[in-house]
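This note sets out, in numbered points, what a new reader may wish to examine. Please read it with the sequence and the structure in view.

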Amino acid sequence: MIPSDHFTRFYNEVFKFLESQGEAELEAYFLAISKNQEKHILELIQTKGLAGMEEYWSHIKVEENCDMDIDRYDDHIELRMNVCPSLSKVMDNDAEPMGRYCDHCAGWIGPILDKTGYHLVYDVISRTEPRCVMRVFKDAAKAREAEKDVKLLMGWPGHKV
Amino acid sequence: MGEKLRYAEEGEVHLDFHGATNTTIDFIIDRFGVEAMDEIFRKVGRDVYRSIHEDLVAGDTRQLVEHWRHFFTREDCDYDIEIGRDEIVLTVRRCTAWHHVARLVGTPSPHFCDQTIRTNEALAEGSPFAFETTITGPGACRQVIRRR
């Protein structure tokens, strides 16, 4: 058994292999993981909207031991990951980190939000710092406006930036 | 070296990651074949677990045993470890990972336990030890490490 604690380091090896096979393979994998994640979050978003997102990520904050702040407003939700345990583990690793490890997060979340009519603005800030800011808007225009403030905007399959 | 763990995680446990592992195994094997998946597990065994691998190459099994104790306990597996003079046996009667995936998707990938078999083989590569990993039932296995 690869412990669930070590999934991210396994994930990192998978990313390195897929990157060597080409961008299309990496994107296909993000979509497969996104499909896998639907069972955990899709219904929550479809039935509860931003409150469903808050419920899901509040659970993740605890289970994945995240140092994260979550603020929900009428028109959007904001997650500030102060210390990301996923990238932290990948960097604290005897194997080489994949340079674009952070891309997977928007890679699976973005397609789910596209399906539910929400608009993701994912600021990775830096791929070598374990922190990021994710905002999800009900309104596309507000999301586009928010994109102007980011340091490193992340895209996802079907949504290039 | 020895009993000190290179990666000793604490806090909560997110078992849904095992579901993502299952999805990953099916994805890689469907698109690239089982050999590609085996090679990724080999890199996990040699590179991610370099510290345990290097201990085994040096003839020291203590970190491996501590790794088993730490993570099989964290995941609330039903297991025991028997340390004999010539071999060490890890008996897993109920693997939390396998059963969690079974709850999530019904039937885990037929290659789900390759993560254990292939990673074990890589850990022991170039060492004086050999692994014998036997799947003894759904979510159950016996892992034996002994000198070659």
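1. A crossing of two helices is called left-handed if the near helix is turned anticlockwise from the far one by less than a right angle, and right-handed if clockwise. Helices (H or I, at least four residues) and strands (E, at least two) are DSSP runs, numbered from the N terminus. By this convention, α2(B) passes α6(B) in a right-handed crossing.

2. The model is predicted: local features need pLDDT of at least 70, side-chain atom pairs count only at pLDDT 80 or more, and totals for chains, interfaces and linings use all residues. Residues are numbered from 1 along each chain as its sequence is written, while chains are lettered from A and ligands numbered from 1 in the order in which they are written.

3. How do α2(B) and α6(B) lie relative to each other? Their axes, which are lines fitted to C-alpha atoms over the stretch in contact, with angles from 0 to 180 degrees between N-to-C directions, come within 7 Å and cross at roughly 50°. The two helices are therefore oblique to each other; angles under 35 degrees count as roughly parallel, over 145 as roughly antiparallel, 65 to 115 as roughly perpendicular and the rest as oblique.

4. Contact between two residues requires C-beta atoms, placed from the backbone, within 7 Å. Among the residues of α2(B) that meet α6(B) are B:Met37, B:Phe41 and B:Arg42, and the α6(B) side includes B:Arg118, B:Ala122 and B:Leu123. The residues of this contact comprise five nonpolar, three polar and six charged. Here Ala, Val, Leu, Ile, Met, Phe, Trp, Tyr, Cys and Pro count as nonpolar, Asp, Glu, Lys and Arg as charged, and the others, Gly among them, as polar.

5. Helix α6(B) is mostly covered, with eight of its eleven residues buried. A residue is buried if 20 or more other C-beta atoms lie within 10 Å of its own, exposed if 12 or fewer, and partly exposed in between. The buried residues of α6(B), including B:Thr119 and B:Asn120, pack against α1, α2, α3, β3 (129-137) and β4 (140-147) of chain B. After α6(B) comes B:Gly126, whose phi is positive, near 75°.

6. The contact between the chains takes 35 residues from chain B and 25 residues from chain A. On the side of chain B that touches chain A, α1(B) gives the most, with nine residues. That side has 15 nonpolar, eleven polar and nine charged residues.

7. In chain A, the axes of α2 (residues 23-48) and α3(A) come within 6 Å and cross at roughly 150°. Their contact involves A:Leu44 and A:Lys48 of α2(A) and A:Glu55 of α3(A), among others. A:Glu55 counts as partly exposed because 15 C-beta neighbours lie inside 10 Å.

8. Which residues touch the most other members of the largest nonpolar core? They are A:Val14, A:Leu120 and A:Val136, in a core of 77 residues. Such a core is a set of buried Ala, Val, Leu, Ile, Met, Phe, Trp, Tyr and Cys residues joined through C-beta atoms within 7 Å. Helix α1 (residues 7-21) of chain A supplies the largest share of this core, seven residues. Neighbours within four places in sequence aside, A:Leu120 is in contact with A:Ala106, A:Ile109, A:Gly110, A:Leu113 and A:Val136.
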